Amino acid sequence: MESYGVLFSSRTGNTRALAEAIRAALPQEACVYFGESGAAVPDKRTTLIEMRAEGDIDKEMFRSKKQEIEDRVAKLTEEIKGLQPEKEQASNKEVYLQLFDPQESLPVGGLEGERVDMK
């Protein structure tokens with residue numbers, strides 16, 4: 001069974017009446033949200049728990065839907081991890097070279113014992 005939600009905004013009450021008519025015409029057990037656009041939309045798990053507590057769905061449907069939600073959350077979590085760049089661990093030598101590059105700080109002639117006349 002597919003689910004649906006009815007989200008509306010109504011200053012005069014006309015749109016609310018239309019939203020209520022739409023909800024009444026559709027299967028009540030498939031409605032996951034009904035409310036005005038300014039209201040906080042609950043997450044699916046909260047709605048599912050409320051539906052079970054009120055007896056709108058049986059235990060097996062609850063378990064099935066709960067597993068679907070958990071599987072989807074796990075899949076999305078893995079997709080998000082795949083989008084994040086992996087952090088590379090720099091070796092001590094690499095960190096040292098980033099902070100202090102001996103090639104830039106030595107006078108011409110290097111470490112070979114040659115004397116460099118700085119005059």
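Aspartate 56 is partly exposed, with a relative accessible area of 44%, where buried means under 20%, exposed over 50% and partly exposed in between (1.4 Å probe, protein chains only). The model is a predicted one, in which local features need pLDDT of at least 70 and side-chain atom pairs count only at pLDDT 80 or more, while totals for chains, interfaces and linings use all residues. Residues are numbered from 1 along each chain as its sequence is written, and side-chain values use heavy atoms, with hydrogens and water left out.

**Negative patch**
- Aspartate 56 sits in the loop between α2 (44-53) and α3 (59-83), helices being DSSP runs of H or I with at least four residues and strands runs of E with at least two, numbered from the N terminus.
- Together with Glu29, Glu50 and Glu54, Asp56 forms a patch of negative charge on the surface.

**Nonpolar patch**
- Leu18, Ile22 and Leu26 make a nonpolar surface patch of about 250 Å².
- Isoleucine 22, which lies in helix α1 (residues 14-25), is partly exposed, with a relative accessible area of 40%.

**Patch rules**
- Patches are made of residues with over 30% relative accessible area and no salt bridge, with like charges joined within 9 Å and nonpolar side chains (Val, Leu, Ile, Met, Phe, Trp, Tyr) within 5 Å.
- A salt bridge is a side-chain nitrogen of Lys or Arg within 4 Å of a carboxyl oxygen of Asp or Glu.

**Whole protein**
- The protein has 5 helices and 2 strands, which follow the pattern β-α-β-α-α-α-α along the sequence.
- Of its 119 residues, 13% count as buried.

Note on methods
Areas by Shrake-Rupley, 256 points an atom, 1.4 Å probe, with all protein chains shown as cover. Lys, Arg positive; Asp, Glu negative; His and termini not counted. Charge placed at Lys NZ, Arg CZ, Asp CG, Glu CD.
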